[in-house]
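Try each task before you read its solution.

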Amino acid sequence: MAKKRKLSKKRKIELSIFIILIVLIGICFGVSVMYGVSQDWIGFAICFSVEIVISAIEIQLYYHGTVYECPHCSQKFKANPYKVFFTNGIFGIILGFMSFGDGSDSKYAKLKCPNCKKKDWCKTHND
């Protein structure tokens, strides 16, 4: 039987923050849809803008402290969180959460190494 790892206190706090932010995004989305249906475009624009800002904050928090390793030269480097997000997309985040840190999620991002300048799937290493 496989041994389950317990989540660290830091990881539990991170997951709680992400869940709260996702709920806020969902609430803002619902409110913006209601504004859009009622054709109150100022309210729609405000709620939609809040959604985008919360999403940008969440992307920064999710990829903070992540280091990537080049498969060619083994150079470790940090990448722009938005490049990584748009490489992996939302499904990379969801699948990462679904594993709950049990080590079964091997994450890769297609990035250009700053050392050897080759673009390939780099493995993540969390600090």
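The exercises below go from the overall fold to single side chains.

This is a predicted model, in which local features need pLDDT of at least 70, side-chain atom pairs count only at pLDDT 80 or more, and totals for chains, interfaces and linings use all residues. Residues are numbered from 1 along each chain as its sequence is written, and side-chain values use heavy atoms, with hydrogens and water left out.

**Exercise 1.** Find the order of helices and strands along the sequence.

*Solution.* Start with the elements: there are 3 helices and 4 strands, taken as DSSP runs (H or I, at least four residues; E, at least two) numbered from the N terminus. Then read along the sequence to get α-α-β-β-α-β-β.

**Exercise 2.** Decide whether E51 is buried or exposed.

*Solution.* First locate E51 in helix α2, residues 41-63. Next, recall the cut-offs: buried is under 20% relative accessible area, exposed over 50%, partly exposed in between (1.4 Å probe, protein chains only). E51 has 8%, so E51 is buried. Finally, leaving aside residues up to four places away in sequence, E51 touches I25, C28, F29 and S32, where contact means heavy atoms within 4.5 Å.

**Exercise 3.** Classify the ring pairs that link W41, F44 and F48 into a cluster.

*Solution.* Rings of Phe, Tyr and Trp (its six-membered ring) pair if their centres lie within 6.5 Å; planes under 30 degrees apart are stacked, over 60 edge-to-face, the rest tilted. The W41 and F44 rings have centres 6.0 Å apart and planes at 85°, so this pair is edge-to-face. F44 and F48 are stacked, at 5.8 Å centre to centre with 10° between the planes.
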